[in-house]
Amino acid sequence: MKKPGLHRLLVSDQYAYASLTSGGSQAECGDGSWCELAAGTYTLSVYNSFWEPIQNRVSLVPLMAGPGCPAVVGTGYDSAPTTGLAVDRLGIVCHAFTAAPGDRITADFQLTEYGDFWHWITDGTGKRLCDGSDCVLPAGEGGYRVLAEVRNPTGGFPAAYGLKVRRLSNPAGCVPVTMTAYGSAPAPAAPQAGCRTFTPTATGRYDAHGVDAEGGVSGIAVYAADGSTVCANGQDCSLVAGTPYTLLTDRAVRILSRTATAGCENVITLARDHKGTFAVPGEVHCLNLPVPQGAHVAVLSDGAASITVVDAKGTAFCADQLTDGTCVLGGTAPYRALVTKADPSDEGDVYRLVVHRTDAPSACRTFLPGDFTGKPVRMSVKSSTEVFADCLSIAAGDHSAREIFQIQRISGDSHATVYVLDEKGKPVCSVSTAYGSFATCALTGNAAHTVLVRGRNAPAEFALTRLDVTSTARGCVPTAAVAVGGPSTGGVPAKPGTFLCHQVTTAAAGDTLHLNARDAQGSARLLAYRANGDVVCDYFAAGCAVTGSTRYQVLIQVPEGKTAAPAYRLDALRIGTAAGPAPECVKVPNVSYGFGPLTDTLSERKTAICAVLPTATGDRFDLRFTPAGTFEQSPTPWLYDQAGLANGCSGWYSSEGQTYTCSLPNASPKTSRPSVFVIGLPEKPAQATTAVRAEATCDALLCGPDERTVGTVGPSTVGRGKITMTVTGSALREDGVVELTNGGFKARSTKTFVAPDRRRMTVSLDLTNAPLGPLSVSVFAHGMQYGMGSVTVVAPIRSTAAPTVGGTAVVGGKVTATTGSWSPVADSHTYQWQADGKTITGATSASYTLPSTLQGKQLTVVVTARKAGHPTVKATSAAVLVKGVAPKATTAPTLTGTAKVGRVLTLSRGTWTPTPTSYTYKWYADGKLITGATKSTFTLTSAQRGKRITVKVTATRTGHLTGTATTRATATVAA
């Protein structure tokens, strides 16, 4: 290397990497290939990073000033481009130009064909002063040059190129241009220069645009005399009078002053259409607006024009708010609308617009209110090739707090948008035929409203309707909510697109109602509002739960384009009160692994059932109906989170058919979140009644608030034999097992019963052969083994004294059993009465009243003793014979004869029922038995003198108790 300086180390293959060393030291080559080299000898090394051999060439190009760098034609904008050929990838293109330090230079290097290249501006040293796009030249050494490196041109080498080096500061060769008046054509293009100079006559705000032959507009960058940028895109440029500015474009030029008024027209009348026509491409119309400072305006157009509103100082307002009526004019009056063609490629040159003042009384026609009679008042709005907009007004006292605004297309295929504003220009809502077709609007109280309608310049007709959705709504059908299990109500749908209304009432605002609309077509939609008009049930929700009001306006609609069924049914069911879920709802004690089955039969008289679930956040259940069916013909489920009343059930199409999944919102940490589960009639019942059998499976390891635990196992003392034991815990499962062991003995439970709340599990074990003494206890549950200490096996409970039957065993009489004695003492006893050894159905109390059917039978009682952890043991009483009732004298026995010593008294035994089979008699003197007097007659002796005589008659009937009756006493026996 003889001449020191900056060099470029180039390779021909992308996988080759070159480096230089001198005296064992690596040469300083910035970015790997920019080498600042001293004079001397260097070693070149080339590394191949590809996996196969490559052919590669290397060049070391000095970048310092030298021969072979021709000068460009000139730096004026009217100078011809410099052209040449790039001959090799390993070469550098060089062109010199004349300039002074501080000049702002642009260098535009382009290949004739596509290819990779890059270029930079340098001085005599070859170092990069700046890229070619915009360069303020520093003081340089040895003159200024443009260097370029060309890579991979599509046509190969040599590759033709062109280079324009231009001085942007104090430029030469630019064509002067003047300001464009509103309503006039842009200045013609000057493509030979590509540069224009503009000297404003007045200080102000200007817009500079280039306009192509089709009218396409793009911003032009505006530069000061020193080449610095005044505004990059030509928009809203602040320019000073008498100062020259440079604009770079080869298109026609349009320079507009935002403060100028020349060409502005007074053609706008508020609320009336204005029609304008663009005469030439790029033309801008200026329309004076007859509104004061602070006015709220809406400027609607047919879409053929773009509109900018400016004040007297050229400040733009409301770029995104012109159409919705929210534009507030600040700044300085007067105001103008600057109108340009929205789509230059559109063949039409006509536009239409209308200006409304939205904070002042309008001249628009009155928007009449509708009702829910099925034939509401509709306001017709028509568009044509000459009319694209309309407006309506609503008086301050002629609306409710919330109303539905609906727009329907009657004819034509264009769309229209409605904007509703109050008297201060505040936007209330909007609705369009392109989406939704209706909206619920909160109207400002005691205020008039303006309704703006914007369509297109095409023949079409639209119908506008407004409907009160508060408690004062007209035409609603009174409908009282019913308890779960109550009947539905219904009606005939209106024409698709028309709303009907039920005003559903309930006793208290704290009540929670389930609302759902059903029809055979599945087309009826439901929308519900509280008394104040708040939306509580979404139009797209298939049923919902609502609370917070005693009156709800429930709207039914078949959407336009759908087919209405002959009738619809409405369910309005009270599923809760302020105190909690409705009493008709089944209380499910646990959902750890699911719940159910829930069973019932539904009809239009009983449209739904419900259950209260002890769920938790994040719970998710897979629901299965038996028999399975389609969504339309299977019962419909809703899972309402009691906190937010959101429905968590949704249908899915899976390999198993059409199924439901019901879930609650997630939260961390997991917390208790009770819910109400409702099952209603299908959308399209296959028959008059629908059998319901629903089972839900937890779609996770565990649902509900309980954790999986094992608490205790008892009792601690058990009897030898077949016993039961109880395990406590939470989220217990039916597959839980209790195991008792001691040496070679092991007993494992065989039957398991889990309580509905899953907090208690009862298991059966056979300890007939268990050794007396301690046994180790293990519980296998939740996939784990729990060591639970030990239990002690003792002799089983036994009877030490038999039970007895107390009382008289007579038909109609009451007998009472004693339990007898047991060792150890029993925890509880149960009773079973038997006749002749056979069980008497229903006779299971300690006391028993004997029916006549038991007369003559042997009565016993079986007492069953139970003690926790012991076998169940029975003992039977001794038998007693059940007898019939004793005969009873229906006519009392009497004595006849004279009460005198020596005379005979005769007994009449009276009449008895039932009829006795025999009688016996006993005679008494003053109540003392007369020995041997047992016949029906008796001869008085001196022993009876002075005493009164009675007779006791005993009546006997086989199989019955004996009956007795005593005569009245005679007179005192005389001597």
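User: Is Asp619 buried or exposed, and what is its relative accessibility?

Analyst: This is a predicted model in which local features need pLDDT of at least 70 and side-chain atom pairs count only at pLDDT 80 or more, while totals for chains, interfaces and linings use all residues. Residues are numbered from 1 along each chain as its sequence is written, and side-chain values use heavy atoms, with hydrogens and water left out. Buried means under 20% relative accessible area, exposed over 50%, and partly exposed in between (1.4 Å probe, protein chains only). Asp619 therefore counts as buried, at a relative accessibility of 1%.

User: Which residue meets the side chain of Asp619 in a salt bridge?

Analyst: A salt bridge is a side-chain nitrogen of Lys or Arg within 4 Å of a carboxyl oxygen of Asp or Glu. Here the N to O distance is 3.5 Å.

User: How many residues apart are Lys670 and Asp619?

Analyst: Strands (E, at least two residues) and helices (H or I, at least four) are DSSP runs, numbered from the N terminus. Lys670 is in the loop between strand E59 (657-663) and strand E60 (675-680), and Asp619 is in the loop between strand E55 (608-613) and strand E56 (620-625). The pair links distant parts of the chain, 51 residues apart.

User: Where does Arg104 lie, and what is the N to O distance of its salt bridge with Asp134?

Analyst: Arg104 lies in strand E10 (residues 104-111), whereas Asp134 is in the loop between strand E12 (128-131) and strand E13 (135-136). Arg104 is buried, with a relative accessible area of 16%, and Asp134 is partly exposed, at 35%. Their side chains meet with an N to O distance of 3.1 Å.

User: Why does the salt bridge of Arg758 and Glu734 tie together separate parts of the sequence?

Analyst: The closest N and O atoms of Arg758 and Glu734 are 3.2 Å apart. Arg758 is in the loop between strand E67 (751-754) and strand E68 (760-766), and Glu734 is in the loop between strand E64 (722-730) and strand E65 (737-742), so the parts they tie together are 24 residues apart in sequence.

User: How many salt bridges does a search of the whole structure find, and which residues are joined into one network?

Analyst: The search finds 30 salt bridges. Salt bridges that share partners join four residues into one network: Arg205, Asp207, Asp236 and Arg258.

User: How many disulfides does a search of the whole structure find?

Analyst: A disulfide is a covalent bond between the sulfur atoms of two cysteines. The criterion is a pair of cysteine sulfur atoms within 2.5 Å. By a search of the whole structure, the number of disulfides is 13.

User: Is the disulfide of Cys69 and Cys94 left-handed or right-handed?

Analyst: The sulfur atoms of Cys69 and Cys94 are 1.9 Å apart. Cys69 is in the loop between strand E7 (58-62) and strand E8 (82-86), and Cys94 is in strand E9 (residues 93-97). With -75° about the S-S bond, the link is left-handed.

User: What is the angle about the S-S bond that links Cys476 and Cys501?

Analyst: Cys476 and Cys501 are joined by a disulfide with an S to S distance of 2.0 Å. Cys476 is buried, and so is Cys501. Their link is right-handed, and the angle about the S-S bond is 85°.
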